[in-house]
Amino acid sequence: MAPIGLLIEPEGLLFDTLRTRATALHEALAAEGVPRRYEDVLRAHAGTSAARALEALVPGDALDVTGRMLVLRRAGDAAAGAFEAAPPAVVPGAAAALERLAATHRVGVVTAAERELADAWLERAELVALVRVLRSTHDLDRDARLDAWRDAARRVRLGLAPDAPVVAVVPGPDADDARDAGLVASRARHDAALARLTDDVLEAIVATHGHVPPHRSA
């Protein structure tokens with residue numbers, strides 16, 4: 001396969017962070033008197049921020065603005081404490097898969113996690129040299145998130161053929177942002193393995209979703 005730009009959300013695909021974040025949000029919701037099934041929290045939080053997960057889990061007037069802020073603060077503090085005590089592990093096989101992909105393609109990261117956290121995790125796992133671009137959509141509104149995806153796509157395409165697609169693989173609803181930003185985007189399952197992202201799979205994603213130039217506006 002000819003080299004392409006590849007943007008991934010590392011949480012879930014590269015780092016085992018999802019259960020920690022989902023547990024923190026699940027417990028914060030319960031503390032605010034809004035119980036939800038853990039499996040639903042896990043699914044809603046995959047590939048996106050706690051704020052967007054909360055929107056999906058608690059629509060309407062179930063929580064007022066203050067309640068939502070308290071839930072997000074509790075969840076954020078709990079997740080931060082958990083990661084400080086035990087940084088997330090690399091998903092089995094993911095480091096080798098990233099190295100394989102980076103040998104042919106230009107790989108970047110766009111994450112709903114805080115940039116400093118994602119950078120620290122990549123450094124700790126000795127994977128930062130494989131990543132050409134690192135952008136965070138944490139706490140950004142929709143227009144700013146789309147701009148982050150477009151900027152990452154522009155940067156990761158540098159040096160590639162003019163018609164090379166940029167493919168985003170995201171285990172959650174942020175794949176919709178990537179698609180709206182003009183990328184070829186695939187919404188992966190939250191338990192998908194990066195090791196399964198072979199060139200055949202990438203070609204199938206491009207064939208299925210089509211090639212939209214990355215500079216196109218949403």
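Q: How many bridges join E1 to E2, and do the strands run parallel or antiparallel?
A: Strands E1 and E2 run parallel and are joined by four bridges. Strands here are DSSP runs of E with at least two residues, helices are runs of H or I with at least four, and both are numbered from the N terminus. Two strands count as paired if DSSP finds at least two bridges between them. In this pairing, leucine 7 stands opposite glycine 108 in E2.

Q: What sort of model is this?
A: This is a predicted model, in which local features need pLDDT of at least 70 and side-chain atom pairs count only at pLDDT 80 or more, while totals for chains, interfaces and linings use all residues. Residues are numbered from 1 along each chain as its sequence is written, and side-chain values use heavy atoms, with hydrogens and water left out.

Q: What does the chain average in pLDDT?
A: The average is 90, and 96% of the residues score at least 70; pLDDT is the predictor's confidence in each residue, from 0 to 100. Over residues 212-218 the pLDDT is below 50, although this stretch has 17 contacts in the model beyond near neighbours in sequence. A contact means heavy atoms within 4.5 Å. Where pLDDT is low, the predicted coordinates should not be read in detail.

Q: Back to the sheet: in what order do the five strands stand?
A: The order is E3-E2-E1-E4-E5, in an open sheet with parallel pairing. Strand E3 (133-136) and strand E5 (184-187) are at the edges with a single partner strand each, so one side of each has no neighbour in the sheet.

Q: How many bridges do E2 and E3 pair over?
A: E2 and E3 pair over four bridges, in the parallel sense. Valine 109 has leucine 134 in E3 as its bridge partner. From E2 the chain crosses through H7 to E3 in a right-handed β-α-β crossover; right-handed means that, with the strands pointing away from the viewer, the path from the first strand over the helix to the second runs clockwise.

Q: Is E2 mostly covered or exposed?
A: E2 is mostly covered, with five of its six residues buried, that is, under 20% relative accessible area (1.4 Å probe, protein chains only), where exposed means over 50% and partly exposed lies in between.

Q: Which residues of H3 are buried?
A: In helix H3 (residues 38-45), they are Val41, Leu42, Ala44 and His45. Their cover includes helix H2 (18-31) and helix H4 (50-57). Just after H3, glycine 47 takes a positive phi of about 70 degrees.
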